[in-house]
Amino acid sequence: MHFTSEQRLDDGVLEREFTLGEIPGTLWTPGSAPAPLVLMAHNNGLPKADPRLVARARYTAARGYAVATIDAPGCGDRPRSAADEQARADLRRAMQAGEPVDEILESFIGPLVENAVPEWQTTLDALLELPGIGGPVGYSGGWTALGIQLAVAEPRIAAAGFFAGGYVPRAQREEARQVTIPLLFLLQWDDEGNPRQRALDLFDAFGSKEKTLHANLGGHTGTPRFELEDGCRFLDRHLK
């Protein structure tokens with residue numbers, strides 16, 4: 001892991017950009033150490049510098065956590081194939097037209113998840129070798145399909161917070177039954193991009209004995225700010 005820049009932010013959090021082979025990432029660490037680690041993934045295609053993700057990461061780091069995110073294959077500035085770009089366009093068109101999107105999801109999102117999981121695990125290995133960062137590890141993010149597969153494949157993840165979850169490929173919907181760690185599931189009741197019933201069905205499918213659903217009125221980007229505080233309280237219960 002090679003750090004390419006660092007800056008101390010107003011809230012005392014240290015923000016560092018890094019590269020790990022071809023993987024670009026950002027790490028936020030609090031002034032206190034050691035700190036539990038939270039992997040914070042973003043929706044497919046968005047950059048790690050997405051303002052909403054950065055705001056959540058900084059808030060969480062200021063609460064005493066090391067927070068890391070990466071640009072997985074096809075995200076941010078990482079190259080996308082012509083087939084990927086066409087699939088994205090087909091998915092957007094189908095969603096806007098109200099057409100079925102399941103087959104597009106299976107052929108597009110599924111492979112992205114499969115490619116992203118090993119990179120996240122490689123990043124996790126490197127992060128846990130850094131001084132001041134320790135376990136247990138949490139996951140928080142809007143890329144629910146990735147979080148599901150990571151939770152199944154990676155025993156070091158002790159708790160997870162998922163957002164939305166309406167559009168999740170078939171493989172991850174099946175894998176949800178194998179997820180047994182504590183979960184906090186956020187749902188925007190009027191989310192135009194995530195069918196409510198599919199999200200509720202996914203929540204029901206999780207095998208966790210401790211799982212909590214927070215549903216709020218509003219669209220996709222309308223998650224109330226107080227959910228940041230509630231999310232950190234959830235992490236406190238399971239990672240500290």
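Predicted model: local features only at pLDDT ≥ 70, side-chain atom pairs only at ≥ 80, totals over all residues.
Strands of a sheet pair through backbone hydrogen bonds, in either a parallel or an antiparallel sense. In the present model, nine strands form an open sheet, in which the order is S1-S2-S3-S5-S4-S6-S7-S8-S9 and the pairing is mixed. The edges of this sheet are taken by strand S1 (2-8) and strand S9 (211-216), each of which has a single partner strand, so that one side of each is left without a neighbour in the sheet. From one strand to the next, the twist averages 20°.

The pairing of strand S3 (residues 23-29) can be followed on both of its partners. With strand S2 (residues 14-20), S3 pairs in the antiparallel sense over seven bridges, and within this pairing arginine 16 has leucine 27 of S3 as its bridge partner. S2 and S3 form a hairpin with two residues between them, and in the turn glycine 21 has a positive phi of about 65°. With strand S5 (residues 66-70), S3 again pairs in the antiparallel sense, here over four bridges, and glycine 25 stands opposite isoleucine 70 in S5.

S3 is also mostly covered, since seven of its seven residues are buried, a term that stands for under 20% relative accessible area.

For helix H1 (residues 51-62) and helix H7 (residues 226-239), the axes come within 10 Å and cross at roughly 50°. Angles from 65 to 115 degrees count as roughly perpendicular and those under 35 degrees as roughly parallel, and H1 and H7 are therefore oblique to each other. The crossing in which H1 passes H7 is right-handed. On the side of H1, the contact is made by Arg56, Tyr59 and Thr60, while H7 contributes Leu228, Glu229, Cys232 and Leu235. When these residues are sorted by class, the contact of H1 with H7 has four nonpolar residues, one polar residue and two charged residues.

Notes:
Residues numbered from 1 in each chain as written. Heavy atoms only, no water. Axes fitted to C-alpha atoms, helices over the stretch in contact; angles between N-to-C directions. Parallel < 35°, antiparallel > 145°, perpendicular 65-115°, else oblique. Left-handed = near helix turned anticlockwise from the far one by under 90°. Contact = heavy atoms within 4.5 Å. Nonpolar A, V, L, I, M, F, W, Y, C, P; charged D, E, K, R; others polar. Pairing = 2+ DSSP bridges. Buried < 20%, exposed > 50% of the residue type's maximum accessible area, 1.4 Å probe, protein only.
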